[in-house]
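Hi,

Here is the structure I promised to pass on. Have a look at it first, then read my notes below.

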Amino acid sequence: MTAVHEALPDIDTLLGDVSRYFETPHDLVVTDRLNRAEKILLLRHWEHDLQLLMVASEENMTTDLPPTTAHQLSEVKSALVALGDVSVPSGPAKVG
């Protein structure tokens, strides 16, 4: 995790692993080092990563997911709503 006074890396680096730099979605929402659009972009990316993990787990393509994955996905969605982003993204899903 990034210390409070430490500079954040560029947005492309953050997109590589959002959870490496923010312990919770709430931490991302409350930081003053990103603008609203950047926060939404990062949260959408985090949401997508979590959805992919859940789909892969359902297909037995990963080891067991930590029990926090679904909870974390819920937190990301709540953070997006808190930022006023109520659009419905199309995420990974099983078909068939």
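Predicted model: local features only at pLDDT ≥ 70, side-chain atom pairs only at ≥ 80, totals over all residues.

E47 and R44 are both buried, even though they pair up in a salt bridge, with their closest N and O atoms 2.6 Å apart. Both sit in helix α4 (residues 36–58), three residues apart, which is about one turn of the helix.

What else does R44 hold on to? R44 also forms a salt bridge with D85, and there the closest N and O atoms are 2.5 Å apart. That pair links distant parts of the chain, since R44 is in helix α4 and D85 is in the segment after α5, 41 residues away. R44 counts as buried because its relative accessibility is 17%, under the 20% cut-off. D85 has 14%, so it counts as buried too. Put together, R44, E47 and D85 are linked in a network of salt bridges. A search of the whole structure finds two salt bridges.

Helix α5 (residues 68–82) has 15 residues and reaches 20 Å from its first C-alpha to its last, close to the expected 21 Å. Its buried residues are T69, Q72, L73, V76, A79 and L80. Why are they on the same side of α5? Because they cover an arc of only 120° around the axis. The face turned away from that buried side carries the exposed residues V81 and A82. After α5 comes G84, with a positive phi, near 85°.

Cheers

Conventions:
Residues numbered from 1 in each chain as written. Heavy atoms only, no water. Helix = DSSP H or I, 4+ residues; strand = E, 2+ residues; numbered from the N terminus. Expected span 1.5 Å × (residues − 1). Buried < 20%, exposed > 50% of the residue type's maximum accessible area, 1.4 Å probe, protein only. Arc of directions from axis to C-beta. Salt bridge = Lys/Arg side-chain N within 4 Å of Asp/Glu carboxyl O.
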